[in-house]
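Subject: Structure for your review

Dear colleague,

Please find below the structure that I am handing over to you. My notes on what was found in it follow directly after.

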Amino acid sequence: MKGVGTEGPVVLNADDRFRIQDLLARYNWAVDTDDADAFATSFATDGEFVTDRRVFRGHDELRELMAYLHDKRSRDERSLFHSIANLVVEPYGPEVRLVAQMMGPRINNDGTHVMQLGWYDDRLTRTDDGWRFARRHFRHWPDHAPSSSPVPFWSQTGPPGFGSLKSST
């Protein structure tokens, strides 16, 4: 997945970080409001969303994913509100690696509440249209227990950085 200006390592400035946070917010709104076009275009043209069951590649498959989620929410009569926290954003070769926690309170029509917990391990690329997901990989917290995160705590050898995180593919 090649982005614009990917000849060497990415250099991030404050504006890049702001635009990446804006991408995350727009993604969340798109998912929570069933906006398939906004969801798909938050990804690069050949971008992919990875789950434990399937990889959705390209805008057409990403729209199919949104149609599936919309149908599921309609059948189950529930709402989900995505909230992203504890973002770590760092250059990763010609891309950017983003690791973030996701908390999704779900409200069922019967009034019950459920909390979906997980984390993202993403690759972002700079395109002609701005920052987009090259790869978005969502994982549920095992047994909804954040203390058993597959992402270890930072290394004791220095400040936070992806050199001290397990790489995932």
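The largest nonpolar core has 27 residues, of which Tyr 27, Phe 39, Phe 49, Val 96, Leu 124 and Trp 131 touch the most other members. A nonpolar core is here a set of buried Ala, Val, Leu, Ile, Met, Phe, Trp, Tyr and Cys residues joined through side-chain atoms within 4.5 Å; buried means under 20% relative accessible area, exposed over 50%, and partly exposed in between, with a 1.4 Å probe and protein chains only. Two or more residues each come from H1, helix H2 (36-40), strand S1 (43-50), H3, strand S4 (83-92), S5, S6 and S7, and H1 gives the most to this core, with 6 residues. Helices (H or I, at least four residues) and strands (E, at least two) are DSSP runs, numbered from the N terminus.

As to provenance, this is a predicted model, in which local features need pLDDT of at least 70 and side-chain atom pairs count only at pLDDT 80 or more, while totals for chains, interfaces and linings use all residues. Residues are numbered from 1 along each chain as its sequence is written, and side-chain values use heavy atoms, with hydrogens and water left out.

Val 96, one of the core residues named above, touches Val 10, Leu 12, Ile 20, Val 89, Glu 90, Pro 91, Asp 122, Arg 123, Leu 124 and Trp 131, not counting residues up to four places away in sequence. Contact means heavy atoms within 4.5 Å.

Two buried aspartates deserve a separate note. Asp 122, in strand S6, counts as buried because its relative accessibility is 0%. Its side chain makes a polar contact with the side chain of Arg 136 (2.8 Å), a polar contact being a pair of N or O atoms within 3.5 Å; within protein, one must be able to donate a hydrogen and the other to accept it, and residues adjacent in sequence count only if both atoms are side-chain atoms. Asp 16 lies in helix H1 and is likewise buried, with a relative accessible area of 5%. The side chain of Asp 16 makes a polar contact with that of Trp 131 (3.1 Å).

The largest pocket has a volume of about 870 Å³. Among its 30 lining residues, Tyr 68, Leu 69, Lys 72, Gln 116 and His 140 are the closest to its centre. On a 1 Å grid over the protein atoms alone, a pocket is an open set of points where a 1.4 Å probe fits, with protein on both sides within 12 Å along at least five of seven lines; lining residues have an atom within 4 Å of a point. Grid points are joined across faces, edges and corners, and a volume is the space filled by probe spheres set on the points. H3 gives the most to the lining, with 6 residues. The lining divides into 14 nonpolar, 7 polar and 9 charged residues, where Ala, Val, Leu, Ile, Met, Phe, Trp, Tyr, Cys and Pro count as nonpolar, Asp, Glu, Lys and Arg as charged, and the others, Gly among them, as polar.

Lastly, on the backbone, most residues other than glycine have a negative phi. Asp 34, in the loop between H1 and H2, has a positive phi near 55 degrees and is partly exposed, at 29%. Asn 86, in strand S4, also has a positive phi near 55 degrees, and counts as exposed at 55% relative accessibility.

With kind regards
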